[in-house]
Amino acid sequence: MAKVALLIGVSEYEPGLNPLPAAVKDVEAMQQVLLHPEMGGFTETDIMVLKNPQRQDMEEAIENLFAHRQKDDLLVLFFSGHGIKDDTGRLFLATRTTRKTPRGDLIRSSAVAASVVHESMSRSRSKRQVVILDSCFSGAFAEGLSAKDDGSVNIREQLGGEGRAVLTSSSSTQYSFEQQGSDLSIYTRYLIEGITTGAADLDEDGVVSIDELHEYASRKVREIQPTMKPEIYTSREGFKIRLTKVPQGDPKQKYRKEVARYSSRGDVSFVGRKTLDALRSRLGLSEIEATAIEDEMLAVARQEFKQKLQQYERDFSEALQQQVALTEDDINMLRLNLQQILGLRNEDTMPIEAQVKARIEAYKQHLQLYRQSLAKAMRQEYPLSQPTRHQLQQMQYEWQLKDEDLAAIENSLTAEVEAYRQKLQQFEQAFTKAVQQEYPLSQANHNQLWQQQQLLGLKAEDIYPITARITAEREAYQQKLQQYEQVITQAIEHQYPFTEEIREELRRYQHVLEIRDEEVAQIEEKVIRQRNTNQFQTNPDLPYQTYHQTYVENLPLQHVLEIRDEEVAQIEEKVVRQRETNQFQTNPDLPRQTYHQPYAKKISQGTLVLKIRQWQFLVQILLVLGLLGGIGFIILRILNPDPLRLESFSANNSLITEGDEVVLKWDIHNYQQLQKLVLTAKAKDLQPIQSITYDFSNGIPQLLGKGSANEIPSCQVQEKQELICTNVKTGVKTKGNYIFELQAFYQNGIQAQTTDVAISDRQIAEVLDFQLVFDKPQYIKGEKILFNWTIARPLLLSKVQIVGNANDGTSYGEPVTYKFNQGNITDPKLKKLCTQQNQQLKCINIPILASKLGNFIFEIKAFANNESGKNSSKKTESKIEILPKPFKIVSFTINDSEQSNLVLKEGASATLNWRVEGENINVKLLPYGNDVPPIGSMKLPVNQAFPPQLGLQVNDISGKQQPQQRGFAITVIK
């Protein structure tokens, strides 16, 4: 009995056919297996190897393989290369010189027809003929994959026959691929693996038969590439043709065999792991040796599986990012097609889909956050400054946002911002006009402006800077008007009408203050009128006296003092008479015609005349004038006492913190004239928020003049005229900027002063930063979520809490609380993760256990240890989804086999073993439909009623995970 083999590999082709580098390597690997004395047992002279042969050489070699053979000879023909069909459907094996016409039709004379092989086999006397074709029927199929053939060929019809076994890598409608990163083609690789490891010896009789080799290679190929369906075509004798033996005596080889048996999709099953661990111990292999064998055998499968997962992720991600949203049916169809093409199951693709969806959702959220940040920046400044642009670019880089997405956002926001700014300008013009017409604004004008704000859709925080600026400008202008009024009042009191020099000084002062001419005229008219009114009220004779003085000085002030003509005549007559009398009394030597003659006419003869000396008369006049002056002064003080003066008004402290009360002080001179005091607190928009009235009609009111037993009175009188108040409480404690105004009402008018007070936030421990350590949107229940945080002013901390809340308000659970004592951490575990520097507490990698399913926003709260009752908080920027642990069918075997197609003998028994990992799941055994535990076994009798299919189905009770199913196709034979 002879064993003869012909091994043909064609890697190089003429243009029109893709090269297949793995084909020649397939031949070399098969040669080594057949030559191995403990496996193939072929002699070197009985193996002929053809690499990239010509057509004639290939046909002669095929004919010689089958010619002149004996009945018991084992003949093996192995071909790896392109298979091509002609326009009639006939199969041809491509050679190095095989060509196609420009139209793509095969030039038959350049290839070897399958009929040549068939005829050679038919003429041979050998009853043990094995043909292995590692070819398929199409050209290049996809990048990274090389397809070996195209067409539709009936292998059984053309190569099947008595005493023959034909193995093909794919059926007529399937594809056989070369995988990048592997030296051998997929089908040949597992043929070699099944023989070299002994894993293909399914009945463990020490021999690998054709049917066992096919069963092993077929199962492995379908795990990697489900679209490939290796087939076997045999006659009755060909089914059990023994091809090779299993190597004996090598413990590593035995371990390889078991690794091949229990490995699937680049991993070892649960049952397989237990079996391999026991076998490793029995064979005396070290853990390092066993791991090296597993890595060697599983490396390619793992790499291929990883590449398939990556391809699924790319395709699924591209599909979900289409502009037209996919329906649920579209997604299901896409999932089904990709799983079939790539040979993936639900448990493989579900985590990928969850990650892709989470990544897309996170990208959308980041776009939304970017839009919000850009909108906020545009409201604060437009166009954007370079530092702001840089910050936005940092966000884009951190979140990997696409330029085209950001351009669309910016274009949209630019249009919105420009429209909004136009509305702000419209409101600013209206507010400016209103303030120019009336200041302070009346309530009616306030309401009208508020209605316009609502109509334009403007936010209060946007219009506040506008109103504050315009109000401040108006306040500043009002102060300039007041300054000018004070200066012109002093000038009028000093001298009026003004000299040209004074008038020029006033014009220069007006220019410095930038006051309009019409307002200067109004102020001057107002001051003169007020001065005249005040003087007339305090001295009714003042108009006559003033006119007297003016007349003497020849200054016509009648129109200024508003005196009637008849009163002017009376005053003139009185002045003339008084002047003559004064001259007569003070000058006795007046001319005789004016003094002596009239006097002599009145004195009769013999009358004694007393002649008073001039100095005596002067003394008498001075005494009379002094007496009259004293009386006049007393009357003047009674009728016109010193006016009341509000000397000062201020706060004890103009800058305080929230919770402290605003305390005021003031000093009033000649307070006896005081009728009432009105103290008003205003916000910066000048709207009153509080007003207090102190009534002085019955003296100092009790609220100011009397303190408690332990308090000093707020106000005290000094030197009988000064009312000094130093500790007047207002009750104002809340944060804000305030203007306090004190108005003093008295008989002759009103005096007022204002003072500013700012109440700032009470300092608390402030959260500066709170974020996830890893930018990971999803966590599995039981994992640790790590956080980093930074808190300023830790000395003010009493405790820190981390809380989580879902969209519906559902709490994540009890807050995680860390207590502090004057900034010192009481938790020793937290203390190891935190450092303090520059009044900042930085804590890194703080773990929170993912314990509750759902979508949560986490928030940190820093509680102050003072009496403010406030806390500082910050939330994570994005939601965190906590998923259940993915359940997994770890293993499901029948009689310790995981092969999807099983043949059971009637009368035997089938032992089912399964293991499922997961929580909150329901496990069913199909087709029986009864619930079973996650881990279990069952023994069933094999008979004609045995179900043709057995399956294990796992469902997530919450419905958040897709069901998983694994099963067997059963054939019962007698």
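1. Helices (H or I, at least four residues) and strands (E, at least two) are DSSP runs, numbered from the N terminus. You are looking at a predicted model, in which local features need pLDDT of at least 70, side-chain atom pairs count only at pLDDT 80 or more, and totals for chains, interfaces and linings use all residues. Residues are numbered from 1 along each chain as its sequence is written, and side-chain values use heavy atoms, with hydrogens and water left out.

2. Pro927 sits in the loop that links strand E39 (921-926) to strand E40 (930-932).

3. Next, some backbone angles. Gln400 is not a glycine, yet its phi is positive at about 55°; its place is the loop between helix H12 (386-399) and helix H13 (403-437). With 56% relative accessibility, Gln400 counts as exposed (over 50% relative accessible area, with a 1.4 Å probe and protein chains only).

4. Glu514, also a residue other than glycine, has a positive phi near 60°. Its loop lies between helix H16 (500-513) and helix H17 (517-538), and at 58% relative accessibility Glu514 is exposed.

5. Finally, a sheet. Four strands form an open sheet in the order E16-E18-E22-E21, with antiparallel pairing; two strands pair if DSSP finds at least two bridges between them. Strand E16 (645-651) and strand E21 (715-718) are the edges, each pairing on one side only. From one strand to the next, the twist averages 10°, with axes being lines fitted to C-alpha atoms and angles running from 0 to 180 degrees between N-to-C directions.

6. E16 and strand E18 (residues 663-669) run antiparallel and are joined by six bridges. Phe649 has Trp666 as its bridge partner in E18.

Definitions and conventions: Buried means under 20% relative accessible area, exposed over 50%, partly exposed in between (1.4 Å probe, protein chains only).
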